[in-house]
Amino acid sequence: MNDTHPPTTAAAAAGEAAERLIAEYRALPPGSDRKREIITELDANAQALPFLVSVVADAEEYDLARVESATVLRVWPPDDPDLRRRAGRALLTALREPEEDLVRQYAAMSLAPYTSDPLVAMALDSTARADQDPLVRDSARFSIKEAHRLQETGAGRP
C-alpha cells in the first residue's frame, strides 16, 4: 500500500490535539463548563502551555478554566525559560485579582515552580505573610514549602 502521508510523530499528534481542543475552547460560550474539561484534556500537552498561560492571565476567562490552568501549570511547568517566566507572571496576575478568591488560591498554590523569578518569590512571601484571605495565605505558604522541597530535590528546574 502506498501511503502518501508521512508518519505522524508524537509531537505532531500532540500539537494537532492541542490545536483542535483550543479551537473548541474558543468557540464555547464564556461560562461553559466544557472549558474546564478541555483544560483537563490538555493536561501534560506541552504544545498547550502557551494557551494555558493566556487563560490564567485573562480575568475575563471562566474562573474554573483558570483554576484548572493554574493546576496544570503547577504540575507541568514549562521547560522553556521565557515561557516559564511568562507562566509565573501570569499566575502573579491572577494572584493580584481582588475579586477572584478561588483563582487567587490556586494561583498562589501553583507558584512553587516559578520562585526562581525574584518577583514571584517576593510576591509569594508577601502573600503568605499579609494577604487578607486566609485561604490565599495558606496556599502561598504551601507553595513556599513546595518551592523549598523542589529546590532540595533538584526537581524545581530553574
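A residue counts as buried when its relative accessible area is under 20%, as exposed when it is over 50%, and as partly exposed in between (1.4 Å probe, protein chains only). By that rule Phe 51 is buried, with a relative accessible area of 8%.

The model is predicted: local features need pLDDT of at least 70, side-chain atom pairs count only at pLDDT 80 or more, and totals for chains, interfaces and linings use all residues. Residues are numbered from 1 along each chain as its sequence is written, and side-chain values use heavy atoms, with hydrogens and water left out.

Helices (H or I, at least four residues) and strands (E, at least two) are DSSP runs, numbered from the N terminus. Helix α3 covers residues 49-57, and its buried residues are Leu 49, Phe 51, Leu 52, Val 53, Val 55 and Val 56. These buried residues pack against α1 (10-27), α2 (34-41), α4 (63-75) and α5 (81-95), where contact means heavy atoms within 4.5 Å.

Rings of Phe, Tyr and Trp (its six-membered ring) pair if their centres lie within 6.5 Å; planes under 30 degrees apart count as stacked, over 60 as edge-to-face and the rest as tilted. The whole structure holds 1 aromatic pair. Tyr 25 and Phe 51 form this edge-to-face pair, with 5.0 Å centre to centre and 85° between the planes. Tyr 25 lies in helix α1 and Phe 51 in helix α3, so the pair ties together parts that are 26 residues apart in sequence.

| Residue | Relative accessible area | Class |
|---|---|---|
| Tyr 25 | 1% | buried |
| Phe 51 | 8% | buried |
| Asp 117 | 11% | buried |
| Arg 86 | 38% | partly exposed |

Asp 117 is found in the loop between α6 (101-109) and α7 (118-130). Not counting residues up to four places away in sequence, Asp 117 touches Arg 85 and Arg 89. A polar contact of 2.7 Å joins the side chains of Asp 117 and Arg 89. Such a contact is a pair of N or O atoms within 3.5 Å; within protein, one must be able to donate a hydrogen and the other to accept it, and residues adjacent in sequence count only if both atoms are side-chain atoms.

Arg 86 belongs to helix α5. Between Arg 86 and Ala 57 there are 9.5 Å in space, C-alpha to C-alpha, and the two are 29 residues apart in sequence.
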